Amino acid sequence: PAHMARYVTWLGQLGTIKASSLQPYLSAVNGFFKDHGLEAIALGDLVAKVRKGLAASQVAIDDTPVRVHLPASIIVKALRMAQALRLQLTAATSRELLQASPAREQVRLLRACTTVVLLYLFFSRGGAGIGCLTEDLVASEADGLRLYHRTRKGQREVSAERKLLCHLPPTVHSEVVQMLLFFDAIRHTLSDGKYPTARWAISTSERHDRWTANTLTGWLSEVTMALQERPPEGYSWTSHSLRKGAATAAYNIGVTLQKIKHFGGWSTESSVVLDYIDPTALA
C-alpha cells in the first residue's frame, strides 16, 4: 500500500489524470497480484486517503461545460425527423440514387437519428453503444427490438447463450422498429445485398474501427442542430447525456429502479444509477 500511495502521487503529478479516474489503474494492479496468487495491494485506508488528498489538490485546466441529461422530448423529435427522412428517401431504391446528393446527406442524418433514438431507448453507454454489431441489436415486426449486450461491461467474452438481453415487444415501439428496418434496408442496398458488421455503419466500405463515444457525441450534435435544439447556457449534451436522459426520463414516469438497472446494466446492489437521475426533471 505504501508503494501504491507513491504511485497515486506520481500519477497525480502527471497533471493529466483526475483522481476520480484512477480506479482502472488500481484495479489493473490488484488484478495482476491476484493472478499471481497474492493479496491485492491497491486498496486500504492509506491509498484511500492519498486519493482523497489528490482530489482536493486538483483543479480543472479548462472550463468545460457540465454534461447534463438529454430530455426525452428531444428523442421524440429525433424520431419524428427520422420518419420524415424515411418519406423523403422512400423513392431512392437503388445504390446510385442513395449515393447521390442530397440523398447521401439525408441517409447520414437518418443514421444519426436512428442511432441516438435506439441507444437512448436501451440506456446505452457511449462506447458500448457505438461499438454495437448488427447482430447485437435486431428488429422484426413480429418480435420487436432485441438488444444482446455483447459490448456491455463484462459481456465481451460471454458465450452467446449467456449474453444479457433487453427486449422491447413490437407493441411498445412499433415506430422505432419500422425506422430500424428501413435503415437496415438502406444499408443492405448500399452494401450490394450484404449487411455491414457494425450496427451503425451505412455500408461495408465505411471505416468504423476508430469510432468512439466522441463519434456518438458528434452524431448527437448533428441531430440537435437539425432540430435547432441547444442545451442550457454553460451545459453540454454528449453521448453520456443519452444514458443520463434515459434513466432520468424513466424514473420520472415511475419506472422502478430495478427495471432501470436491468436495462442500463447497473448492478442490482449498486446505487451508482442515482448519479444518472435528475429528480428535478419533469415527466
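**Chatting through helix packing and aromatic contacts**

Trainee: Which residues in H1 meet which ones in H2?

Mentor: From H1 there are Met-4, Tyr-7, Val-8 and Leu-11, and they meet Tyr-25, Leu-26 and Val-29 of H2. Keep in mind that this is a predicted model.

Trainee: Switching to rings: how many aromatic pairs does a search of the whole structure find?

Mentor: Six aromatic pairs turn up. One of them is Phe-32 with Phe-33, which counts as edge-to-face because the planes are at 75°, with the ring centres 6.2 Å apart.

Trainee: Is Phe-33 buried, exposed or partly exposed?

Mentor: Phe-33 counts as partly exposed, because its relative accessibility is 23%.

Trainee: What about Phe-122 and Phe-263, how is that aromatic pair arranged?

Mentor: Phe-122 and Phe-263 are stacked, at 6.5 Å centre to centre and with 20° between the planes. Phe-122 lies in the loop between H6 and H7 while Phe-263 belongs to H11, so the pair ties together parts 141 residues apart in sequence. Both Phe-122 and Phe-263 are buried.

Trainee: Which residues do ring pairs link into a cluster there?

Mentor: Phe-122, Phe-123 and Phe-263. Phe-123 also sits in the loop between H6 and H7, and counts as buried because its relative accessibility is 8%.

Trainee: What's the phi of Phe-123?

Mentor: Positive, about 55°, although Phe-123 is not a glycine. Most residues other than glycine have a negative phi. Asp-192 likewise has a positive phi of about 55°, and this one is in the loop between H8 and H9. Asp-192 is exposed, with a relative accessible area of 57%.

Trainee: Back to H11, then. Which of its residues are buried?

Mentor: Ile-260, Lys-261, Phe-263 and Gly-264. The buried residues of H11 pack against H6, strand E4 and helix H10. After H11 comes Gly-265, with a positive phi near 80°.

Trainee: Where is Tyr-276 found?

Mentor: In the segment after H11. Tyr-276 counts as buried because its relative accessibility is 16%.

Trainee: Which residues is Tyr-276 in contact with, leaving aside neighbours within four places in sequence?

Mentor: They are His-240, Arg-243, Lys-244, Ala-247, Thr-248 and Trp-266. The charged end of Arg-243 sits over the ring of Tyr-276, 5.3 Å from the centre. Lys-244 lies over the face of Tyr-276 too, at 5.9 Å from the ring centre.

Trainee: Since H10 came up, is Ser-241 buried or exposed?

Mentor: Ser-241 is found in helix H10, and counts as buried because its relative accessibility is 0%. Setting aside residues up to four places away in sequence, Ser-241 touches Val-68, His-69, Leu-70 and Ser-236.

How values were computed:
Residues numbered from 1 in each chain as written. Predicted model: local features only at pLDDT ≥ 70, side-chain atom pairs only at ≥ 80, totals over all residues. Heavy atoms only, no water. Contact = heavy atoms within 4.5 Å. Helix = DSSP H or I, 4+ residues; strand = E, 2+ residues; numbered from the N terminus. Phe/Tyr/Trp six-rings, centres within 6.5 Å; stacked < 30°, edge-to-face > 60°. Buried < 20%, exposed > 50% of the residue type's maximum accessible area, 1.4 Å probe, protein only. Lys NZ or Arg CZ within 6 Å of the ring centre and 35° of its normal.
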